[in-house]
Amino acid sequence: MEALLYQFTLLSNQACQDKNYDPSSTDDLMKLFEIEAYKSWVAMELEQEMEVKEAEVAVQQAEDYLDSDMESAMDEFRRFEVEMERMAMSELESLERTAESARKMGNLLEKAATFASKKYMEAALNSATASMKTAWKGLSSKKVHPS
């Protein structure tokens with residue numbers, strides 16, 4: 001392209017200095033300019049296509065990387081979810097065992113309280129019966145208690 005510009009400069013100087021200069025002599029040079037411009041344009045289009053392909057490859061690689069990372073994150077989340085589920089079930093089973101133990105303890109305490117109250121009532125009844133027997137003996141023997 002620089003060589004063509006140099007020739008164009010020479011022809012322009014010649015045209016300015018020579019009054020008999022034929023303008024058709026620049027036609028060949030203009031055709032060479034046109035061919036050179038076309039070659040440049042084709043080269044730029046090829047370069048652009050290559051850049052587009054490189055960009056598409058880069059985008060595909062980025063998408064693949066993102067997909068891989070997302071899949072890894074989902075796998076990690078699933079493992080976390082399974083572990084949390086296992087821990088929750090373990091906690092639930094522990095709470096159920098504790099609740100069952102508390103229920104059994106409550107039943108035992110209820111039985112113990114019932115048994116204790118029956119024994120207390122029996123003792124109170126036996127004591128009252130003994131007092132009444134003693135009082136009947138005293139009335140039947142006509143003895144009066146000194147108090």
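There is 1 aromatic pair in the structure, where a pair means rings of Phe, Tyr and Trp (its six-membered ring) with centres within 6.5 Å; planes under 30 degrees apart count as stacked, over 60 as edge-to-face and the rest as tilted. The partners are tyrosine 38 and tryptophan 41, in a tilted arrangement with 5.8 Å from centre to centre and 50 degrees between the planes. Both residues sit in helix H2, 3 residues apart, or about one turn of the helix. Helices (H or I, at least four residues) and strands (E, at least two) are DSSP runs here, numbered from the N terminus. Tyrosine 38 counts as exposed at 52% relative accessibility, while tryptophan 41, at 47%, counts as partly exposed. For those labels, buried means under 20% relative accessible area, exposed over 50%, and partly exposed in between (1.4 Å probe, protein chains only).

A quick word on what you're looking at: this is a predicted model, so local features need pLDDT of at least 70 and side-chain atom pairs count only at pLDDT 80 or more, whereas totals for chains, interfaces and linings use all residues. Residues are numbered from 1 along each chain as its sequence is written, and side-chain values use heavy atoms, with hydrogens and water left out.

Now zoom out to the whole chain. Its secondary structure comes to 2 helices and 0 strands. The radius of gyration is 57 Å, well over the 15 Å that the globule rule gives for 147 residues, so the chain is more spread out than a compact globule. (That radius is taken over C-alpha atoms, and the rule is 2.2 Å times the number of residues to the power 0.38.) The C-alpha trace spans about 180 × 30 × 15 Å along its principal axes. Of the 147 residues, 5% count as buried.

So where is the nonpolar core? The largest one has 5 residues, namely Leu4, Leu11, Tyr21, Leu29 and Phe33. Helix H1 (2–17) and helix H2 (25–141) are the elements that give two or more residues to this core. A core in this sense is a set of buried Ala, Val, Leu, Ile, Met, Phe, Trp, Tyr and Cys residues joined through side-chain atoms within 4.5 Å. Take leucine 4 as a way in: setting aside its neighbours within four places in sequence, leucine 4 is in contact (heavy atoms within 4.5 Å) with Leu29, Leu32, Phe33 and Glu36.

Glutamine 7 is also in helix H1, and is partly exposed with a relative accessible area of 39%. Glutamine 7 and glutamate 34 are 27 residues apart in sequence and 14 Å apart in space, C-alpha to C-alpha. Serine 94 belongs to helix H2 and is partly exposed, at 31% relative accessible area.

Further along, UniProt marks residues 43–112 as "coiled-coil region", in an unreviewed entry; the positions follow the numbering used here, feature names are shortened, and annotations may be inferred rather than shown by experiment. In the model, residues 43–112 are 100% helix and 0% strand, with the end C-alpha atoms 102 Å apart.

Next come the charges. A search of the whole structure finds 5 salt bridges, each being a side-chain nitrogen of Lys or Arg within 4 Å of a carboxyl oxygen of Asp or Glu. One of them joins arginine 78 to aspartate 75, with the closest N and O atoms 3.0 Å apart. These two are 3 residues apart in helix H2, so about one helical turn separates arginine 78 from aspartate 75. Arginine 78 is partly exposed at 40%, as is aspartate 75 at 32%. There is a network here too, with salt bridges linking Glu71, Asp75 and Arg78.

Glutamate 83 and arginine 86 form another bridge, with 2.5 Å between the closest N and O atoms. Both lie in helix H2, 3 residues apart, about one turn of the helix. Glutamate 83 is partly exposed at 33%, and arginine 86 is partly exposed at 48%. Glutamate 100 and arginine 103 also meet in a salt bridge, at 2.5 Å from N to O. They too lie in helix H2, 3 residues apart, about one turn of the helix. Glutamate 100 is partly exposed with a relative accessible area of 31%, and arginine 103 is partly exposed with 45%.
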